[in-house]
Amino acid sequence: MKLILKLLAGMAVGLALGLWAPDGPLALLMTFKALFGQFIGFMIPLIIVFYIMSGIAALESNSGKMLGWTVGLAYCSTILSGLAAFAVASGVLPSLIAQGVHATDKPAAIKALFTLEIKPLFDVMTALMLAFVFGLGIAVTRALRLKEVVDQGKDIVELVLAKVLIPLLPAYIACVFAEMAADGSVFSTLKTFGVVLVLAIAMHWIWLTLLYTVTGLASGRNPWSLIRNMLPAYLTALGTMSSAATIPVALRSAKQMKVSGPVADFVMPLCATIHLCGSTITLVTCATAVMLMTAGLDVPSWDVMFPFILLLGVTMVAAPGAPGGAVMSALGILASMLHFPEASLALMIALYLAQDSFGTACNVTGDGVIALWLDRIMGRSAEEVEAKPASQQA
């Protein structure tokens, strides 16, 4: 919640500076914006490599039927949520937001004092392929030393995210809004923000209602009772903005839904990393909005968004369980597949972080559905679990 307040403060400060500050301070802001944007671009492939590689490599410790079903269900849920989000967003947003209000080819009103070109070590698709090859290789060969190196690399990248990127994002967003205020596009952008955020949060609850209704009908249980049991996890995630920090509450909520202990203990921590239906809904909705409002980008269409959503589902494995992790992991494919320029990536960051707690809460609540289905697939019905004492649920 503190990050959201800082983000809003950054928007307000940037708006004020863009409207009333002289050219000198604005030039300093544009210099910081240019340097920080280069640093983000440098970090994107490293985030993808170390997080996806570490995530895939870690799966070997939990191999078996349960792992396969969990990963499959989580991926299907993530992909379906993204497809549903685009179907709604592409039908609703064109009539609600002004198209092309944020021009990418318009020269900046205020130029940076200087710029530095910080080239990434490799491009996004190379990073993805490297992560898949080595992640799967570590999982198959059980190369423990290499896995230790990857995990340590992940720790370093996560430290950079937690100590540098995330704390400085409000200042970066302030610079972006100052630039938009200076060129006159900020008020149309703010209007779009409100529409997109309301739509994304509404779709979170529509998706959760659909998931629990289908699950309840399939298992002969009351969907509203299931949702009520997961509400403590939803509210906890809303406050912490972290799936990882919510795991203890999510575990207790899953067991209150009478998910067997071994299944809950396996599914809930794993899904905190690999099942991000709420984040996917938000990213697809925000990406659709940014494409509509940015001159120079393609109008969203199924032939563009379908492969993007398929790859987004895989990329979400890279999202760390920290505020802003999902959008930082997705920046690479937003730039490579949807051709987002730096200004559009900054808008995506601002839009996503403004609702990050709601997306995380949707992710965690959706994990309960994966646990219910896996419990059913593994042959542990709710009635069997309820009838057995806890000491026998192994």
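Colleague: Why is Leu28 called exposed?

Modeller: The model is a predicted one. Exposed requires a relative accessible area over 50%; Leu28 has 54% relative accessibility and therefore counts as exposed. Leu28 is found in helix H2, residues 23-58.

Colleague: What makes Leu28, Leu113, Phe114, Leu116 and Ile118 a patch?

Modeller: Patches of nonpolar side chains take residues with over 30% relative accessible area, joined within 5 Å. Leu28, at 54%, is above that cut-off. Together with Leu113, Phe114, Leu116 and Ile118, Leu28 forms a nonpolar surface patch with about 490 Å² of accessible area.

Colleague: Why is Lys258 called partly exposed?

Modeller: The partly exposed class lies between the buried limit of 20% and the exposed limit of 50%. Lys258 has a relative accessible area of 29%, so the residue is partly exposed. Lys258 is located in the loop between helix H8 (247-256) and helix H9 (261-274). Its phi is positive, at about 70°, although Lys258 is not a glycine.

Colleague: What makes His339 exposed?

Modeller: His339 has a relative accessible area of 53%, which is over 50%, and therefore the residue is exposed. The loop between H12 and helix H13 (342-354) holds His339. This residue, not a glycine, also has a positive phi, of about 60°.

Colleague: How do you know that the span of helix H11 is close to the expected one?

Modeller: The expected span is 1.5 Å times one less than the number of residues. For the 14 residues of H11 (302-315) the expected value is 20 Å, and the helix reaches 19 Å from its first C-alpha to its last.

Colleague: Which residues of H11 are buried, and what covers them?

Modeller: Buried means under 20% relative accessible area. In H11 this class holds Met305, Phe308, Ile309, Leu311, Leu312, Gly313 and Thr315. Their cover includes H2, helix H3 (65-92), helix H4 (124-141), helix H10 (277-293) and helix H12 (325-337). As to helices in general, an α-helix has 3.6 residues a turn, so residues three or four places apart point the same way.

Colleague: What can be said of the chain as a whole?

Modeller: The chain has 15 helices and two strands. Of its 394 residues, 52% are buried. Its accessible surface is about 16,200 Å², with 67% belonging to carbon and sulfur atoms. Among contacts between residues at least 6 apart in sequence, 85% join residues at least 24 apart.

How values were computed
Residues are numbered from 1 along each chain as its sequence is written. This is a predicted model: local features need pLDDT of at least 70, side-chain atom pairs count only at pLDDT 80 or more; totals for chains, interfaces and linings use all residues. Side-chain values use heavy atoms; hydrogens and water are left out. Patches are made of residues with over 30% relative accessible area and no salt bridge: like charges are joined within 9 Å, nonpolar side chains (Val, Leu, Ile, Met, Phe, Trp, Tyr) within 5 Å. Accessible areas come from the Shrake-Rupley method with a 1.4 Å probe; for residues, only the protein chains shown count as cover. A salt bridge is a side-chain nitrogen of Lys or Arg within 4 Å of a carboxyl oxygen of Asp or Glu. Helices (H or I, at least four residues) and strands (E, at least two) are DSSP runs, numbered from the N terminus. Buried means under 20% relative accessible area, exposed over 50%, partly exposed in between (1.4 Å probe, protein chains only). Contact means heavy atoms within 4.5 Å.
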